[in-house]
Amino acid sequence: MVTIQELEIMERGLLAVSRAKELGRPILISEVHKMDTINPLSFFNIGKENYCGERFFWKDPTDETVLIGLGIAKQIQTDQASDRFFHVEKEWEKFLEDCLIFNPYTEIAVGPVMFGGFSFDPHKEKTDLWSKYTDSLFHIPKYLLSIIRGQTYLTTNIVCTPQEDPFLFKTISEERNQLLTSLHDNERINTATLLETREIKPEQWKKTVDGVVKELTEGPLKKVVLARELRLVFDDQIEAEAVLINLFNQQHESFIFAFESNGDCFIGASPERLVKKQANEVYSTCLAGSIPRGKTEKEDQQLGQLLLNDQKNLIEHGFVVEMIKEALEESCEEIILPDKPQLMKIRDIQHLYTPVIGKCHKDASLLLLVERLHPTPALGGLPKDEAVVKIRQVEELDRGFYAAPLGWVDYRKNGEFAVSIRSGLIQGKEVSLFAGCGVVADSDPESEYLETSLKFKPMLRALGGN
Ligand SMILES: C=C(O[C@H]1C=CC=C(C(=O)O)[C@@H]1O)C(=O)O
Ligand SMILES: [Mg+2]
């Protein structure tokens, strides 16, 4: 097991204290070490003792970027609704000002990285459900494990005040080595048993869908995504680690994420990228239109063909393509996308899928892209603002972070956000699951209801309730 030299961090620490004194304010010191292979789930698990409630986990579908954060060196948060993307960006830039970064590597997502996200709609009336999350919430972790294309890096972030006792750096060095030496293979984690599944007002939800369908035929609204909730009660505390391991093993084609805040844990396996930026390249995904997987290979192919030729689903998908293309054209000089959707097949469902690639300036703001894209008509509707207002009015659910941008940004302006669907909020012995569907003029409430039931499946299975 690799341990990290104490001397290095002590010397760097002294440098940081003197810089903080000079500037008369706290500064960030961040150092990166290359490590032997570390199991990402084990790293998340060892944080349980000291950093429970202050962890995050992220894996993209290609396994190129796996990030685990333990502890909070700095939190960026706001309940301010207007300009929240800009506000977070400014706070992040301010935090990075005059920082000391010891990072000899050029890889993305190592060194200072913030992880977090935004609520779906900051103007929606709040309920208790999401009381542990503010409308914009990002953590810069104390320890960040980054596994980038199979190479492992450990970043240590410390906020150093002018009065800092240099002894702190010795303590951190000891704690870090302690963390690394206590890594072991995943031990058995207790899984709680599902006692009760409560569907939240399904009949009323169908009536709401019906009402919206009627409005869509009259215009100007073209599409509205409506979501609903399933509340599950277990016999014991639900361990985020156990759910995470299951999602990791069961949903390989998806983004796997967990984001703890104040004792709750928002967790899921989303197939949908909102936007990724790497240097001057931008990637987004149009994902909308759904059909079940077949029981046999033949049936699966038939269902796929049905979806590819189904007018209702093609229209539902087309609105997303139209909007994402427009939003990216504002920021990119060049965008490329196929003229027909393909199929994305994941464990329980298949979707219509159109990937979009663009070129932007390498210093363009990822959060500005997020602002322009959120919510796409796969989560909100079309036209965007009118659809969000409609959802605010008619939807019973407090979406919180569901269907919203969740992801990371590094100090070199790279980053990626997924749309946090196929997700749930763990609260002690209970979990809320969320699922929505694109309602268009041709929608049938019963079919949309069944489609949302299908979208609960990945989380239900991971919780042992399937
Ligand atoms: C809103 C969700 O899915 C979206 C993404 C893919 C397909 C969708 C659909 O066909 O309705 C939804 O727009 C959800 O899973 O909660
Ligand atoms: Mg749909």
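Strands are DSSP runs of E, at least two residues long, numbered from the N terminus. The model shown in these views is predicted.

**View 1. Strands β11, β15 and β23 contribute to the shell around ligand 1.** Each of the three supplies at least two residues of that shell. β11 spans 223-234, β15 spans 281-292 and β23 spans 430-440.

**View 2. Ligand 1 is surrounded by 18 residues.** Ser290, Ile421, Gly436, Cys437 and Gly438 are the closest. By class, the shell around ligand 1 holds 10 nonpolar residues, five polar and three charged.

**View 3. The largest nonpolar core has 132 residues.** Seen here are the members that touch the most other members: Phe57, Leu67, Leu244, Phe257, Ala258, Ile267 and Ile324. Across the chain, 48% of the 466 residues count as buried.

**View 4. Isoleucine 324 and its contacts.** Ile324 belongs to the largest nonpolar core. Leaving aside residues up to four places away in sequence, Ile324 touches Ser284, Cys286, Val356, Leu373 and Thr376. In the chain, 78% of the contacts with a separation of 6 or more are between residues 24 or more positions apart.

View 5. Taken along the principal axes, the C-alpha atoms fill a box of roughly 70 × 50 × 45 Å.

Terms used:
Residues are numbered from 1 along each chain as its sequence is written. Chains are lettered from A and ligands numbered from 1 in the order in which they are written. This is a predicted model: local features need pLDDT of at least 70, side-chain atom pairs count only at pLDDT 80 or more; totals for chains, interfaces and linings use all residues. A residue is near a molecule or strand if its C-beta atom, placed from the backbone, lies within 6 Å of it. Helices (H or I, at least four residues) and strands (E, at least two) are DSSP runs, numbered from the N terminus. Ala, Val, Leu, Ile, Met, Phe, Trp, Tyr, Cys and Pro count as nonpolar, Asp, Glu, Lys and Arg as charged, and the others, Gly among them, as polar. A residue is buried if 20 or more other C-beta atoms lie within 10 Å of its own, exposed if 12 or fewer, and partly exposed in between; C-beta atoms are placed from the backbone. Two residues are in contact if their C-beta atoms, placed from the backbone, lie within 7 Å. A nonpolar core is a set of buried Ala, Val, Leu, Ile, Met, Phe, Trp, Tyr and Cys residues joined through C-beta atoms within 7 Å.
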